[in-house]
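This report looks at one helix and its surroundings, then at aromatic ring pairs. Please have the sequence and the model open.

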Amino acid sequence: MVILRAAACHPSAIGTSRRMLDAMRAPSYARAMGATIYIGKNLRLEPPGDDGGNLGLVGADLDSENMSWSSISKLQELAEQQLGIPPETWPFYEDVELEENLPMEDVLAKCSELRAVLGRYTLDELPYNYWLQRLARALREGFDFCAKAW
């Protein structure tokens, strides 16, 4: 009711109300605010143990960290503008919420491509961005990575 009264009182509130309703109707991945990034060696999906469950992402020295999609967007924009790396080159999957749905062949192919492209630069030559530096270093050390929504 408050939104409807505000919309009736102030014309600019109508657009805001519509945008809010559209956001609520959007698929969950379209409004994902957070991501989990996984960094590890020999990344793969494995079936669950005897206790059941879903396929899980495993790998040597596997680490995960939460980050925002805005950080991912900034990384992709910077890499595209300064290094010519298209956003779709990165193994970031905003439409994936479950590990079992990660497209592992695609993840590994994208990491291989990024390893070659970013390997042309020393870390000092890369533009400074925390995630760009961290992921470039991980790729050099033989790690792969991917991110999904949460």
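How many aromatic pairs does the structure hold? The structure holds four. Rings of Phe, Tyr and Trp (its six-membered ring) pair if their centres lie within 6.5 Å; planes under 30 degrees apart count as stacked, over 60 as edge-to-face and the rest as tilted.

This is a predicted model: local features need pLDDT of at least 70, side-chain atom pairs count only at pLDDT 80 or more, and totals for chains, interfaces and linings use all residues. Residues are numbered from 1 along each chain as its sequence is written, and side-chain values use heavy atoms, with hydrogens and water left out.

**Ring pairs**

Two of the pairs are tabulated here.

| Pair | Centre distance | Plane angle | Class |
|---|---|---|---|
| Phe-92 and Phe-145 | 6.1 Å | 45° | tilted |
| Tyr-130 and Trp-131 | 5.1 Å | 80° | edge-to-face |

Phe-92 lies in strand E3 and Phe-145 in strand E4, 53 residues apart, so this pair links distant parts of the chain. Strands (E, at least two residues) and helices (H or I, at least four) are DSSP runs, numbered from the N terminus. Phe-92 is buried at 11% relative accessible area, and Phe-145 is buried at 0%. Buried means under 20%, exposed over 50%, partly exposed in between (1.4 Å probe, protein chains only). Tyr-130 is partly exposed at 42%. Trp-131 is buried at 9%. Ring pairs also join Trp-90, Phe-92 and Phe-145 into a cluster.

**Helix H3**

Helix H3 covers residues 69–83, which is 15 residues. Just after H3, Gly-84 has a positive phi of about 75°.

Buried residues of H3 include Trp-69, Ile-72, Leu-75 and Leu-78. Their cover includes strands E1 (34–46) and E2 (56–68), and helices H4 (104–118) and H5 (130–140).

**H3 against H5**

The axes of H3 and H5 come within 9 Å and cross at roughly 75°. H3 is therefore roughly perpendicular to H5. Angles of 65 to 115 degrees count as roughly perpendicular, under 35 as roughly parallel, over 145 as roughly antiparallel, and the rest as oblique.

Ser-71, Leu-75, Leu-78 and Leu-83 in H3 meet Trp-131, Leu-132 and Leu-135 in H5. Contact means heavy atoms within 4.5 Å. By class, this contact has six nonpolar, one polar and no charged residues.

Note on methods:
The expected span of a helix is 1.5 Å times one less than its number of residues. Axes are lines fitted to C-alpha atoms, for helices over the stretch in contact, and angles run from 0 to 180 degrees between N-to-C directions. Ala, Val, Leu, Ile, Met, Phe, Trp, Tyr, Cys and Pro count as nonpolar, Asp, Glu, Lys and Arg as charged, and the others, Gly among them, as polar.
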